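Here is a short tour of one fold, written for someone who likes to see how the pieces pack. Keep the viewer open as you read.

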Amino acid sequence: MREYGGCLPLELKKLNTDFFPGFDYVALNSGRNAIAYAALAGGFKSCYIPYYTCKTVEAGLQEVGVEVKYYNIDEQLMPIEPEGGFDDRALFVYTNYFGIMTHVMQQDIIAEHSHVLFDNTQGFFTKPMRGTYSAYSCRKFFGVADGAYLVGDKLTRLDIPTGESADAAGFLLKAIEAGPNAAYAMSKDNEEHINVEGMAYMSKLTDAMMSGIDLASVNEKRIANFNKLHELLGELNELKPVLENGAPMVYPFLFEKEGLREMLVENKIYVPRWWRWIEESKETNSFEKKLSKYLVPLPITQTYDTGDMDYIAGVLLRHIQ
């Protein structure tokens, strides 16, 4: 029964009604669960994921009883075939690293594997492709507490609960009033909430907030910020990223210099270190270890402009040169 009267809720405009026109999709609570949902709904007993990826992907698959298999990547960020080859019956997850996957890379993956899921959690604006699954993360690109989408041609609806995010979303308000660093501890609490919630459909709060975001504006601002950093840092960047598939999550700067990340943090440029365990693993190759140790994911968030990118690049260059 509908309620009337009482306190007013947060007022949000509804700009988006169809995020992936022409495709079927389900809205979920996290990227890891979008990948697990695809494996479960598709009836896959096993799934390949890269070693160089977040451990939560592995955990999400294991939680739904899917066997996890692994592969390494080369310096072009492409899969290396394991001994004995790939099992063609398994779901094959390819990570769209940093959101810079090219069209050729997409086509090569599809040509080599029968059941493909593109992990676009770092590339929200990368378009889905026919005959494949695509998983997207909301909170890596927008000011929301959680949320993800699984996109495909035709998706089975599973009997799972709807998530709740209101109690864990306070860090979003704190970040507005006191800045992102002041809200950091609260944001970590939110991540723990996501980890323990289990697979669920997207919360009503996140759904409402996503509906009010100007997606075209976000895409344009992120691309402009990416291009500015690439203009200033591209010659030094060992990755040589090519942007042709929409705005990425970060500008991935790879440069072998000790203390670069720590120096940026000291200058209030907060950059994470992704997947520290990669460097110590016996299963990972030298390139994956290098990414773990030296990659600096520079922020290109839509809340910044190209002037901010000039500043970030300037801080980096003063330390490098």
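Predicted model: local features only at pLDDT ≥ 70, side-chain atom pairs only at ≥ 80, totals over all residues.

Eight strands make up an open sheet with mixed pairing, and their order across it is 1-8-7-6-5-2-3-4. At the edges stand strand 1 (24–28) and strand 4 (79–80); each has a single partner strand, so one side of each is left without a neighbour in the sheet.

Strands of a sheet pair through backbone hydrogen bonds, and they can do so in parallel or antiparallel fashion.

Let's zoom in on strand 5. It covers residues 91–95, and five of the five are buried, so the strand is largely enclosed by the rest of the structure. Side chains in a regular strand alternate between the two faces of the sheet. Here, L91, V93 and T95 point one way, while F92 and Y94 point the other way.

On one flank, strand 2 (residues 46–50) runs parallel to strand 5 and is joined to it by two bridges; Y48 has F92 as its bridge partner in strand 5. Strand 6 (residues 116–119) is also parallel to strand 5, with four bridges between them. F92 has V116 as its bridge partner in strand 6. To get from strand 5 to strand 6, the chain passes through helix 3 (residues 103–112), in a right-handed β-α-β crossover. Further along this pair, Y94 stands opposite F118 of strand 6.

## Two nonpolar cores

How many residues does the largest nonpolar core have? The count is 75, and the residues with the most contacts inside this core are Y52, L77, Y94, F98, F142, Y149 and L298. Helix 10 (residues 306–320) supplies the largest share, seven residues. A second, separate core has 27 residues, including I35, A38, L91 and A135.

Beyond its neighbours within four places in sequence, its contacts are I73, Y97, F98, W274, W275, I278, E288, L291, S292 and L295.

## A glutamate in helix 2

Is E58 buried or exposed? This residue lies in helix 2 (residues 55–63), and its relative accessible area is 15%. The cut-off for buried is under 20%, so E58 counts as buried. Not counting residues up to four places away in sequence, E58 touches I49, V68 and Y70.

Technical notes: Residues numbered from 1 in each chain as written. Heavy atoms only, no water. Core = buried A, V, L, I, M, F, W, Y, C linked by side-chain atoms within 4.5 Å. Buried < 20%, exposed > 50% of the residue type's maximum accessible area, 1.4 Å probe, protein only. Contact = heavy atoms within 4.5 Å. Pairing = 2+ DSSP bridges. Right-handed = clockwise from strand over helix to strand, strands pointing away.
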